[in-house]
Amino acid sequence: MKKALLAPVLLLTLMLSAFRPFAEVEMIKKRVLSERVEILIPKGFEVMSEQQMDFNYAKAQSRPSVIYTNNKEASIAFTYTDNTADQDMIDMYADNFYKMYSKQYKEAKWFNKGVKEVNGRKIGFMELMKPELGHEVYNLVFFTDVEGKLLMCNFTCADRQKPEWEAVAKQIMASFKSNG
């Protein structure tokens, strides 16, 4: 009787382990942009080299200030712009960025957009899947003002990796802290 019961229990255990959620990603605190911003970054993400950034952004109008990546599977880019910004302008930026992205990426699939408060600061965000170089890319773009200028952050990964990285991207956004 015990042997007869053992096989179904073992089979059920194997089936459940195959459907377990993705492993928890360990996060570590980083201070970026000359110590202006504190944010959580997945452990194992490293700063992309200048050469790799030059290659990846050769045709772009502007390139990020710093990018953390884990061998191209996923990345978080920080672009500290020259655009004037303060807390009162975040709603306007959110509307303008949504209009711009909607026009530029007509094929994009939108998940969410808006403005939320994170650690006492307004942060605008857009969450979407957009076509890029022949495949779909998941993006969580978030932005706020830091010392009177606009900071843009963009978490990206391939569409097939969205289930693994979406919660991590949102955790990164929720960890954002700045001295203003």
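1. Tryptophan 165 is located in helix H4, which spans residues 162-174. Helices (H or I, at least four residues) and strands (E, at least two) are DSSP runs, numbered from the N terminus. The model is a predicted one: local features need pLDDT of at least 70, side-chain atom pairs count only at pLDDT 80 or more, and totals for chains, interfaces and linings use all residues. Residues are numbered from 1 along each chain as its sequence is written, and side-chain values use heavy atoms, with hydrogens and water left out.

2. Is tryptophan 165 buried or exposed? Tryptophan 165 counts as buried because its relative accessibility is 4%. Here buried means under 20% relative accessible area, exposed over 50%, and partly exposed in between (1.4 Å probe, protein chains only).

3. Not counting residues up to four places away in sequence, tryptophan 165 touches Val25, Pro42, Phe45, Asn70, Glu73, Ala74, Phe155 and Cys157. Contact means heavy atoms within 4.5 Å. With glutamate 73, the side chain of tryptophan 165 makes a polar contact to the side chain at 3.1 Å. A polar contact is a pair of N or O atoms within 3.5 Å; within protein, one must be able to donate a hydrogen and the other to accept it, and residues adjacent in sequence count only if both atoms are side-chain atoms. Tryptophan 165 and glutamate 73 are 92 residues apart in sequence, while their C-alpha atoms are 9.8 Å apart in space.

4. Helix H4 lies across S1 and S2 and runs at about 165 degrees to S2. Axes are lines fitted to C-alpha atoms, for helices over the stretch in contact, and angles run from 0 to 180 degrees between N-to-C directions.

5. The order S1-S2-S10 describes an open sheet of three strands with antiparallel pairing. Strand S1 (27-32) and strand S10 (177-178) are its edge strands, each pairing on one side only. Two strands pair if DSSP finds at least two bridges between them. S1 and strand S2 (residues 37-42) run antiparallel and are joined by six bridges; isoleucine 28 has isoleucine 41 in S2 as its bridge partner.

6. The loop between S1 and S2 contains glutamate 35. Its phi is near 70 degrees, a positive value in a residue other than glycine. Glutamate 35 has a relative accessible area of 48% and is therefore partly exposed. For context, most residues other than glycine have a negative phi.

7. S6 and S7 pair in the antiparallel sense over nine bridges. They form a hairpin with two residues between them, and valine 118 has arginine 121 in S7 as its bridge partner. Asparagine 119, in the loop between S6 and S7, has a positive phi of about 50 degrees although it is not a glycine. With a relative accessible area of 46%, asparagine 119 is partly exposed.

8. Helix H3 (residues 90-104) has 15 residues and reaches 21 Å from its first C-alpha to its last, close to the 21 Å expected at 1.5 Å a residue. The expected span is 1.5 Å times one less than the number of residues. Which residues of H3 are buried? They are Ile90, Tyr93, Ala94, Phe97 and Tyr101. These residues cover an arc of only 100 degrees around the axis, so they are on the same side of H3. The arc is that of the directions from the helix axis to the C-beta atoms. Lys99 and Lys103 are exposed on the other side of H3.

9. The buried residues of H3 pack against strands S5 (74-84), S6 (109-118), S7 (121-132), S8 (135-146) and S9 (149-158).
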